[in-house]
Amino acid sequence: MSDCIFCKIVAGEIPAQVVHRGAGMVAFEDVAPKADVHVLVVPERHLESLRDVAELTPAEAKGMLDFVAETARKLSLDDYRVIVNVGPGGGQTVFHLHWHVLGGKLPVFG
Ligand code: AMP
Ligand code: ZN
């Protein structure tokens, strides 16, 4: 999607600190971290939100979850938090599906 900031990061058109890449997925550091470690995991292909997960094949969906867990391992995180905000009411501000992986001292909810 041409005006999507995460599609541009995937394409290397705008810079990001990429920490893991493969299997149609990219993990990069959040530009405004909310925890000691804060990485965003995105599918290379544009999906607006988790609502569109039915567009993925079962293998792609499983691959995405495996990649999230692999990214945490690669960051040497044992305990961590994974968040997906869905829609503006759920706190989503970038409309390309992404998984927040947070580690270290975590923000308190609420
Ligand atoms: P969400 O509110 O769930 O849509 O999360 C969007 C996240 O993207 C926020 O935590 C932002 O700090 C982060 N973000 C926005 N622009 C960039 C960027 N250019 N590079 C890295 N992270 C970004
Ligand atoms: Zn996109």
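## Close-up views of a predicted model

Ligand 1 sits in the largest pocket. The model shown here is predicted.

**View 1. The shell around ligand 1 has 17 residues.** The closest are Asp30, Asn85, Gly91, Thr93 and His100. Eight residues of the shell are nonpolar, six are polar and three are charged. Both α1 (5–10) and β2 (25–29) supply at least two residues each. The largest share comes from α1, with three residues.

**View 2. Polar atoms of the protein lie close to oxygen atoms of ligand 1 at Asp30, Thr93 and Val94.** Asp30 places a polar side-chain atom 2.5 Å from an oxygen atom of the ligand. For Thr93, a backbone N or O atom lies 2.7 Å from a ligand oxygen. Val94 also has a backbone N or O atom at 3.0 Å from an oxygen atom of ligand 1. On its own, ligand 1 has 500 Å² of accessible area, and the protein covers 84% of this.

**View 3. Ala35 lies in the loop between β2 and β3 (37–43).** Is Ala35 buried or exposed? Its relative accessibility is 12%, so Ala35 counts as buried; the cut-off for buried is under 20%. Thr71 gives a reference point for Ala35: the two are 36 residues apart in sequence. Their C-alpha atoms are 16 Å apart in space.

**View 4. Ala23 has a positive phi in the loop between β1 (18–22) and β2.** The value is about 50°, and Ala23 is not a glycine. Most residues other than glycine have a negative phi. Ala23 counts as exposed because its relative accessibility is 76%, and exposed means over 50%.

**View 5. Ser76 is found in the loop between α2 (58–74) and β4 (81–83).** What is the phi of Ser76? It is near 65°, a positive value in a residue other than glycine. Ser76 has a relative accessible area of 65%, so this residue is exposed.

View 6. The loop of Ala23 runs between β1 and β2. The loop of Ser76 runs between α2 and β4. Ala23 is exposed at 76% relative accessibility, and Ser76 is exposed at 65%.

Note on methods: Residues are numbered from 1 along each chain as its sequence is written. Chains are lettered from A and ligands numbered from 1 in the order in which they are written. This is a predicted model: local features need pLDDT of at least 70, side-chain atom pairs count only at pLDDT 80 or more; totals for chains, interfaces and linings use all residues. Side-chain values use heavy atoms; hydrogens and water are left out. A residue is near a molecule or strand if one of its heavy atoms lies within 4 Å of it. A polar contact is a pair of N or O atoms within 3.5 Å; within protein, one must be able to donate a hydrogen and the other to accept it, and residues adjacent in sequence count only if both atoms are side-chain atoms. Accessible areas come from the Shrake-Rupley method with a 1.4 Å probe; for residues, only the protein chains shown count as cover. On a 1 Å grid over the protein atoms alone, a cavity is a set of points where a 1.4 Å probe fits but cannot get out, and a pocket is an open set with protein on both sides within 12 Å along at least five of seven lines; lining residues have an atom within 4 Å of a point. A molecule sits in a cavity or pocket if more than half of its atoms lie within 2 Å of its grid points. Helices (H or I, at least four residues) and strands (E, at least two) are DSSP runs, numbered from the N terminus. Ala, Val, Leu, Ile, Met, Phe, Trp, Tyr, Cys and Pro count as nonpolar, Asp, Glu, Lys and Arg as charged, and the others, Gly among them, as polar. Buried means under 20% relative accessible area, exposed over 50%, partly exposed in between (1.4 Å probe, protein chains only).
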